[in-house]
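The following paragraphs lead the reader through the structure shown below.

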Amino acid sequence: YEYAYRLGILAKGERNDKAVLTRTAAVKLILNAVGYGPVAQLQGIYRTKFVDDSSIPAENYGYVALAQGLGMVTGNASNRFLPNVNTTRAQAAVMLYNLMAR
(Lines give C-alpha, C1' and ligand atoms only; values in the text may rest on other atoms or scores of the structure.)
Protein backbone atom coordinates (compact mmCIF):
# COMPACT_ATOMS: atom_id res chain seq x y z
CA TYR A 1 0.00 0.00 0.00
CA GLU A 2 2.83 2.42 0.75
CA TYR A 3 4.03 2.08 -2.85
CA ALA A 4 0.53 2.79 -4.16
CA TYR A 5 0.28 5.83 -1.88
CA ARG A 6 3.64 7.18 -3.08
CA LEU A 7 2.64 6.80 -6.72
CA GLY A 8 -0.73 8.46 -6.12
CA ILE A 9 -2.60 5.36 -7.26
CA LEU A 10 -4.41 5.12 -3.95
CA ALA A 11 -5.08 7.73 -1.28
CA LYS A 12 -4.84 6.65 2.36
CA GLY A 13 -8.55 7.37 2.87
CA GLU A 14 -9.46 5.07 -0.02
CA ARG A 15 -8.01 1.93 1.53
CA ASN A 16 -10.67 -0.48 2.72
CA ASP A 17 -9.47 -4.06 3.06
CA LYS A 18 -13.03 -5.41 3.40
CA ALA A 19 -14.56 -3.58 0.45
CA VAL A 20 -15.39 -5.31 -2.77
CA LEU A 21 -14.16 -3.72 -5.96
CA THR A 22 -16.89 -2.50 -8.31
CA ARG A 23 -16.36 -2.21 -12.04
CA THR A 24 -16.19 1.57 -11.72
CA ALA A 25 -13.66 1.41 -8.88
CA ALA A 26 -11.50 -1.04 -10.84
CA VAL A 27 -11.49 1.23 -13.89
CA LYS A 28 -10.59 4.23 -11.74
CA LEU A 29 -7.81 2.37 -9.93
CA ILE A 30 -6.24 1.11 -13.17
CA LEU A 31 -6.46 4.44 -15.01
CA ASN A 32 -5.00 6.30 -12.02
CA ALA A 33 -2.15 3.77 -11.91
CA VAL A 34 -1.17 4.46 -15.50
CA GLY A 35 -1.47 8.24 -15.23
CA TYR A 36 -4.85 8.92 -16.85
CA GLY A 37 -6.44 10.22 -13.63
CA PRO A 38 -6.10 13.95 -14.31
CA VAL A 39 -7.53 13.57 -17.82
CA ALA A 40 -10.37 11.32 -16.62
CA GLN A 41 -11.37 13.93 -14.04
CA LEU A 42 -12.12 16.58 -16.66
CA GLN A 43 -15.83 17.33 -16.54
CA GLY A 44 -18.34 17.66 -19.35
CA ILE A 45 -16.25 16.37 -22.25
CA TYR A 46 -16.97 12.64 -22.19
CA ARG A 47 -19.75 10.43 -23.51
CA THR A 48 -20.17 6.67 -23.36
CA LYS A 49 -22.19 4.38 -25.58
CA PHE A 50 -23.42 2.23 -22.68
CA VAL A 51 -27.19 1.77 -22.31
CA ASP A 52 -26.91 2.38 -18.56
CA ASP A 53 -24.88 5.55 -19.08
CA SER A 54 -27.01 7.49 -16.58
CA SER A 55 -26.18 5.06 -13.75
CA ILE A 56 -22.45 5.83 -13.90
CA PRO A 57 -21.56 8.10 -10.96
CA ALA A 58 -20.85 11.63 -12.21
CA GLU A 59 -17.49 11.84 -10.42
CA ASN A 60 -16.33 8.68 -12.21
CA TYR A 61 -17.98 9.22 -15.58
CA GLY A 62 -14.78 10.37 -17.27
CA TYR A 63 -12.94 7.28 -16.07
CA VAL A 64 -15.56 4.95 -17.55
CA ALA A 65 -15.78 6.89 -20.81
CA LEU A 66 -12.00 6.94 -21.16
CA ALA A 67 -11.81 3.20 -20.39
CA GLN A 68 -14.38 2.52 -23.08
CA GLY A 69 -12.58 4.73 -25.57
CA LEU A 70 -9.28 2.98 -24.85
CA GLY A 71 -10.92 -0.41 -25.39
CA MET A 72 -10.26 -1.36 -21.79
CA VAL A 73 -13.92 -2.20 -21.06
CA THR A 74 -16.95 -3.21 -23.05
CA GLY A 75 -20.56 -3.65 -22.10
CA ASN A 76 -22.31 -6.94 -21.51
CA ALA A 77 -24.57 -8.55 -24.13
CA SER A 78 -27.11 -5.74 -23.56
CA ASN A 79 -24.37 -3.07 -23.82
CA ARG A 80 -24.58 -2.25 -20.13
CA PHE A 81 -21.50 -1.27 -18.16
CA LEU A 82 -23.06 -2.14 -14.77
CA PRO A 83 -20.95 0.34 -12.77
CA ASN A 84 -21.89 -0.92 -9.32
CA VAL A 85 -21.47 -4.63 -9.99
CA ASN A 86 -18.51 -6.30 -8.29
CA THR A 87 -15.49 -6.98 -10.47
CA THR A 88 -14.14 -10.49 -10.62
CA ARG A 89 -10.42 -11.18 -10.82
CA ALA A 90 -10.93 -12.39 -14.37
CA GLN A 91 -12.65 -9.13 -15.37
CA ALA A 92 -9.88 -7.07 -13.78
CA ALA A 93 -7.28 -9.14 -15.64
CA VAL A 94 -9.12 -8.57 -18.93
CA MET A 95 -9.22 -4.81 -18.24
CA LEU A 96 -5.47 -4.77 -17.63
CA TYR A 97 -4.79 -6.92 -20.69
CA ASN A 98 -6.97 -4.75 -22.95
CA LEU A 99 -5.24 -1.60 -21.78
CA MET A 100 -1.74 -3.04 -22.11
CA ALA A 101 -2.49 -4.51 -25.55
CA ARG A 102 -3.08 -1.04 -27.00
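**A guided reading of the model**

N79 is placed in the loop between α4 and α5. Helices here are DSSP runs of H or I with at least four residues, strands are runs of E with at least two, and both are numbered from the N terminus. The model is a predicted one, in which local features need pLDDT of at least 70 and side-chain atom pairs count only at pLDDT 80 or more, while totals for chains, interfaces and linings use all residues. Residues are numbered from 1 along each chain as its sequence is written, and side-chain values use heavy atoms, with hydrogens and water left out.

Most residues other than glycine have a negative phi. N79 is not a glycine, yet its phi is positive, at about 60°. L82 lies in the loop between α4 and α5 as well, and it too has a positive phi of about 60° without being a glycine. With a relative accessible area of 30%, N79 is partly exposed; L82, at 31%, also counts as partly exposed. In these terms, buried means under 20% relative accessible area, exposed means over 50%, and partly exposed lies in between (1.4 Å probe, protein chains only). A further positive phi, near 95°, belongs to G35, which follows α2.

The protein as a whole contains 5 helices and 0 strands, and its pattern along the sequence is α-α-α-α-α. Its radius of gyration is 13 Å, close to the 13 Å that the globule rule gives for 102 residues, so the protein is as compact as a globular protein of that length. This radius is taken over C-alpha atoms, and the rule is 2.2 Å times the number of residues to the power 0.38. The C-alpha trace spans about 40 × 30 × 25 Å along its principal axes. Of the 102 residues, 36% are buried. Among contacts (heavy atoms within 4.5 Å) between residues at least 6 apart in sequence, 63% join residues at least 24 apart.

An α-helix has 3.6 residues a turn, so residues three or four places apart point the same way.

Which residues does T24 touch, not counting residues up to four places away in sequence? They are P57, N60, V64, F81 and P83. T24 is found in α2, which covers residues 23–33, and counts as buried at 4% relative accessibility. A polar atom of its side chain lies 2.9 Å from the backbone oxygen of P83. A polar contact is a pair of N or O atoms within 3.5 Å; within protein, one must be able to donate a hydrogen and the other to accept it, and residues adjacent in sequence count only if both atoms are side-chain atoms.

N60, one of the residues that T24 touches, is found in the loop between α3 (37–40) and α4 (61–69). N60 is buried, with a relative accessible area of 11%. Leaving aside neighbours within four places in sequence, N60 is in contact with T24 and K28. E59 is also found in the loop between α3 and α4, but at 53% relative accessibility E59 counts as exposed. From C-alpha to C-alpha, E59 and A11 are 16 Å apart in space, and 48 residues separate them in sequence.
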